Amino acid sequence: MEDMAAAPQRHSMDTEEMPAYKLKRRRRILDAALSALSDQDYEQIRISEVAQRAGVAQGTLYRYFVSKDHLYAVVLQDWLANISADQIAPASSAAKDRIRARVHAVIGAFERQPRFFKLLMLLYSSNDVEVDPIRTAIAGNAQRLLARDMDVLGTPTTQDTAIMLWSIISSQLVNAAYHDGSYAEIYRIADVYIDMLPESGRPG
């Protein structure tokens, strides 16, 4: 109740209009929120705790992020954007090797931080208007990166193939996060799908 009562009018700052000191403060808030999620489940985190970790007043935090869901949607978007960039195979690698490296990096990140995948699932049910475009961007970016790697295979259906692969991975991650499924099985299923991609880029 404390966090809900403290929320101000719903508007968020455009980062393009922020001076440097505000961008640094925003980054401190995001880093504090990320740290809190590494320590405890999303449902247990209070905005007041994040504000304290960031060294800002709770009202100040709400000037940057209009809700807890909004804050953590941005946290998740940043985290996903930075997943294991150094693990992606170099451009000179075979297309399937690049796809496999990217997929393994994503699976491995969620294996190390299962709370982050649970957060992703929770955000899919959020009614926050600030979350919706971020949620759409997260899914679109994952599919777009896969499709870009698949483009090298020369298929006219790379987007559909990428969507199918991402859907398979997501469903298996749900099983691992909520039903004690095996991450080894996720890697195996993803590898089988990737191995089935012929040079046309379509599953055989």
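**Entry 1: helices H2 and H3**

I began with helix H2 (residues 20-39) and helix H3 (residues 47-54), whose axes come within 8 Å and cross at roughly 120 degrees. The model is predicted: local features need pLDDT of at least 70, side-chain atom pairs count only at pLDDT 80 or more, and totals for chains, interfaces and linings use all residues. Residues are numbered from 1 along each chain as its sequence is written, and side-chain values use heavy atoms, with hydrogens and water left out.

I noted that helices (H or I, at least four residues) and strands (E, at least two) are DSSP runs, numbered from the N terminus. Axes are lines fitted to C-alpha atoms, for helices over the stretch in contact, and angles run from 0 to 180 degrees between N-to-C directions.

The angle makes H2 oblique to H3. For such labels, angles under 35 degrees count as roughly parallel, over 145 as roughly antiparallel, 65 to 115 as roughly perpendicular, and the rest as oblique.

I then listed the residues in contact (heavy atoms within 4.5 Å). H2 contributes Arg28, Ile29, Ala32, Ala33, Ser35, Ala36 and Asp39, while H3 contributes Glu49, Val50, Arg53 and Ala54. Sorted by class, the contact of H2 with H3 has six nonpolar, one polar and four charged residues. Here Ala, Val, Leu, Ile, Met, Phe, Trp, Tyr, Cys and Pro count as nonpolar, Asp, Glu, Lys and Arg as charged, and the others, Gly among them, as polar.

**Entry 2: an annotated stretch**

I looked up the UniProt record, an unreviewed entry, in which the annotation "DNA-binding region" covers residues 46-65. UniProt positions are given in the numbering used here, feature names are shortened, and annotations may be inferred rather than shown by experiment. Over residues 46-65 I found the chain to be 75% helix and 0% strand, with the end C-alpha atoms 14 Å apart.

**Entry 3: helices H6 and H7**

I turned next to helix H6 (residues 95-112) and helix H7 (residues 114-123), which pack at an angle of about 100 degrees with their axes 4 Å apart. This angle makes H6 roughly perpendicular to H7. Phe110, Glu111 and Arg112 of H6 meet Pro114, Phe116, Phe117 and Leu120 of H7. By class, the contact of H6 with H7 has five nonpolar, no polar and two charged residues.

I found proline 133 in helix H8 (residues 131-151). Its relative accessibility is 49%, so proline 133 counts as partly exposed; buried means under 20% relative accessible area, exposed over 50%, and partly exposed in between (1.4 Å probe, protein chains only). Proline 133 and alanine 73 are 60 residues apart in sequence, and their C-alpha atoms are 9.7 Å apart in space.

I located aspartate 180 in the loop between helix H9 (158-179) and helix H10 (183-195). Aspartate 180 has a positive phi of about 55 degrees, although it is not a glycine. With a relative accessibility of 75%, aspartate 180 counts as exposed.

I placed isoleucine 189 in helix H10. Leaving aside residues up to four places away in sequence, isoleucine 189 touches Ile168 and Gln172. Its C-alpha atom is separated by 9.8 Å from that of leucine 165, 24 residues apart along the chain.

**Entry 4: the whole chain**

I counted 10 helices and zero strands in the chain. Of its 204 residues, 45% count as buried. Among contacts between residues at least 6 apart in sequence, 68% join residues at least 24 apart.
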